[in-house]
Amino acid sequence: MSKPVRIGLIGHGFMGRTHSNGYAQAPHFFKTEHTPVLQVVCGRDKEKTQAFADQWGYKHIESDWKEVIKRDDVDAVDICTPNHLHAEIAIAAAEAGKMILCEKPLSMNAAEGEKMVAAVEKAKVPNTVWYNYRRVPAVMLAKQLIDEGRLGKIFHYRAQFLQDWTISADLPQGGAGLWRLDSAVAGSGVTGDLLAHCIDTAVWLNGSITSVTALTETFIKERTHTETGKKQSVTIDDACSFLCRFENGSLGNFESTRYARGHKALYTLEINGENASIRWDLHDLHRLQYFDYKNDSIIRGWRSIHVTDGDQPYMGNWWVPGLQIGYEHTFIHQVADFMKSLDEGKPCSPTFRDSLETQYVVDAVLKSAKDHQWEASK
Ligand code: SOE
């Protein structure tokens, strides 16, 4: 019997679209008892919100998020707003007994994140954070290979997330499209926006990060603010590199920037173990590169696994072997996994508590860059 989960989506920008597509598609491909229903979408501009509701099939609209939380016909609140609103909305939603799906990063900083974790745990409401790259089938396969012990002892973890969309000094900061450049709204720059993805995947694949040393830079020091029309200081990090130690003894090397001319969203990761190594690249997301030292020396080499077979993660629910899927499917998988977790009465990772660990690392990275010293991140 189908158990409807009526979604109240708050915010309908880029992430509102990816999540809505996830809710719309998941039931067609993944059979779960719990099923999402596109109930209400909330946005400040009524006309745009209505147009979004019409396009995606939401039944109702609201223009104040507090009204969404009050509604009896909403079971789960999906927070797709800019980062500075995550905590207030999540805490109010938890107090109202709603399930919560929160866009990444969990919060502006770890102190806020702690309050959010306390609220959902006190209210005992199901919760998850949309770190979607965990749910790329090739990345899930990497997790499987590591958990099976195929890599042996891990020595190195390295990750990069490179973009180039803020190089122009004429680009303003703030406002609907550019809030990621305004630290009052975003919390931080590439560290909270992009490295948070890398940290989430790393902690999940390779365990906790215990200490970090970091370097950040803001290349363009002033930009016109869209809301004030005035030149204002830019206080986000445009680029960040950090080294770290993991609890399992391995070393980490992370880099992110929005100034890597030619790279739009190049998320790569590589893990080197005593027996094997793996490598993954978002621009070729359906492939996992794998090197196994146990192979005979004459045929030993990097192999490129085309992750499209039915016995590989998630792929049994998609097309036929050899036919690949893409970015939007990571969100479909997150919806399916969340619904399955409700069927089973289990948490859907990353939960708020899992994602708080990412916030601790983000905070330690930013502090280290400021203080020029190693910082503990646990
Ligand atoms: C920034 O440009 C951004 O959209 C991030 O906010 C997303 O989390 C990332 O997946 C792609 O890049």
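Visitor: Where is A202 found?

Guide: A202 is found in helix α8; helices (H or I, at least four residues) and strands (E, at least two) are DSSP runs, numbered from the N terminus. The model is a predicted one, in which local features need pLDDT of at least 70 and side-chain atom pairs count only at pLDDT 80 or more, while totals for chains, interfaces and linings use all residues. Residues are numbered from 1 along each chain as its sequence is written.

Visitor: Is A202 buried or exposed?

Guide: A202 is buried, since 25 other C-beta atoms lie within 10 Å. A residue is called buried if 20 or more other C-beta atoms lie within 10 Å of its own, exposed if 12 or fewer, and partly exposed in between, with C-beta atoms placed from the backbone.

Visitor: Which residues is A202 in contact with, leaving aside neighbours within four places in sequence?

Guide: They are Y157, A159 and G252. Two residues are in contact if their C-beta atoms, placed from the backbone, lie within 7 Å.

Visitor: And N206, what does that one touch?

Guide: N206 is also in helix α8, which covers residues 190-206. Not counting residues up to four places away in sequence, N206 touches I154, Y157, F246, N248, S250 and I271. N206 counts as buried, with 21 C-beta neighbours inside 10 Å.

Visitor: How do the axes of α6 and α8 cross?

Guide: The axes of α6 (residues 137-147) and α8 cross at roughly 30° and come within 9 Å. Axes are lines fitted to C-alpha atoms, for helices over the stretch in contact, and angles run from 0 to 180 degrees between N-to-C directions. The crossing makes α6 roughly parallel to α8; angles under 35 degrees count as roughly parallel, over 145 as roughly antiparallel, 65 to 115 as roughly perpendicular and the rest as oblique.

Visitor: Which residues meet there, in α6 and in α8?

Guide: V139, A142, K143 and I146 of α6 meet T201, W204 and L205 of α8. By class, five residues of this contact are nonpolar, one is polar and one is charged. Ala, Val, Leu, Ile, Met, Phe, Trp, Tyr, Cys and Pro count as nonpolar, Asp, Glu, Lys and Arg as charged, and the others, Gly among them, as polar.

Visitor: Turning to α5, at what angle does it pack with α10?

Guide: Helix α5 (residues 110-123) and helix α10 (residues 352-371) pack at about 170°, with axes 9 Å apart. That angle makes α5 roughly antiparallel to α10. The contact involves A110, G113, E114, M116, V117 and V120 of α5, together with F352, R353, L356, Q359, Y360 and D363 of α10.

Visitor: Which residues of α5 are buried?

Guide: E112, G113, M116, V117, A119 and V120 are buried. Seen down the axis of α5, these buried residues fall within an arc of 160°, so they line one face of the helix. The arc is that of the directions from the helix axis to the C-beta atoms. The face turned away from the buried side of α5 carries the exposed residues A111 and K122.

Visitor: What do the buried residues of α2 pack against?

Guide: They pack against β2 (34-42) and β3 (60-62). In α2 (residues 46-56), T49, F52 and A53 are buried. Their arc around the axis is only 100°, which puts them on the same side of α2.

Visitor: What comes just after α2?

Guide: Just after α2, G57 takes a positive phi of about 95°.
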